[in-house]
Amino acid sequence: MKTNEKREKMKAIRDEIVALTGSPLYEYRVENGYFPVIGEGSHDAKIMFVGEAPGRNEAETGRPFCGKAGQVLDELLSYISIPRGDVYITNILKDRPPENRDPLPEEIAVYSPFLDRQIDIIQPKIIAALGRYSMAYIMKKYGLEDVLEPISRIHGNVFEVNTLWGSIKIVPLYHPAVATYDASMIEALRQDFSALKSAL
Ligand code: URA
């Protein structure tokens, strides 16, 4: 797909999400003066990171992973010497859930078709699923439900799946926010990011 076409398709996704009055999170967005968080990075990225949902910093700026979890993600990317601008970063939910509660199934149902379209535009070689909700969604989407296990067991594992643009790799990772609650988790995250780089 040409660069222009990718840009236009991403813009259409943005416009639809901005106008998503039927979303269960739309009112909360408007009441708080929040922005939807569509995604950021290269439309030609080889690696696409899929997080869970925007937090407060993200909803206030419209940028994914720009708060504390984002600092951890930035550190991990620099650990494996990959510039943030070379990857694409997004979430399953495009609006912040109140008090950062876990995404509800009906919210995932509303927003995941946009994620599916973003994946089809970018056609990444690797999808890195950040955290258990993203892992569950992505693994089920690609027919990996039989090998789905708790993230503590399969983080850093690499699963190959077939798509319309060829074989790609799915890598479930701990969510970077875990290192903000428990500093010792940064080691596990670094190892997983090394596995991610090796999968390139
Ligand atoms: N956590 C997420 O899952 N996504 C963000 O964009 C920020 C924090």
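In the predicted model, a polar side-chain atom of His175 is placed 2.8 Å from an oxygen atom of the ligand. The protein covers 91% of the 240 Å² that the ligand exposes when taken alone. Besides Glu52, Ala53 and His175, the residues around the ligand are Gly51, Glu58, Pro64, Phe65 and Asn91.

The side chain of His155 forms a polar contact of 2.8 Å with the side chain of Asp192. Apart from neighbours within four places in sequence, the contacts of His155 comprise Asp192 together with Pro172, Leu173, Tyr174 and Ala188.

Helix packing was examined for H1 (residues 3-18) and H5 (residues 105-122), whose axes are 10 Å apart and meet at an angle of about 170°. Because angles over 145 degrees count as roughly antiparallel, H1 is described as roughly antiparallel to H5. On the H1 side, the contact is made by Lys6, Lys9, Met10, Ala12, Ile13, Glu16 and Ile17; on the H5 side, Phe114, Arg117, Gln118, Ile121 and Ile122 take part. Classified by residue type, the contact of H1 with H5 contains seven nonpolar, four charged and one polar residue.

Key. Residues numbered from 1 in each chain as written. Predicted model: local features only at pLDDT ≥ 70, side-chain atom pairs only at ≥ 80, totals over all residues. Heavy atoms only, no water. Axes fitted to C-alpha atoms, helices over the stretch in contact; angles between N-to-C directions. Helix = DSSP H or I, 4+ residues; strand = E, 2+ residues; numbered from the N terminus. Parallel < 35°, antiparallel > 145°, perpendicular 65-115°, else oblique. Contact = heavy atoms within 4.5 Å. Nonpolar A, V, L, I, M, F, W, Y, C, P; charged D, E, K, R; others polar. Near = heavy atom within 4 Å. Polar contact = N/O pair within 3.5 Å; in protein donor to acceptor, adjacent residues only side chain to side chain. Areas by Shrake-Rupley, 256 points an atom, 1.4 Å probe, with all protein chains shown as cover.
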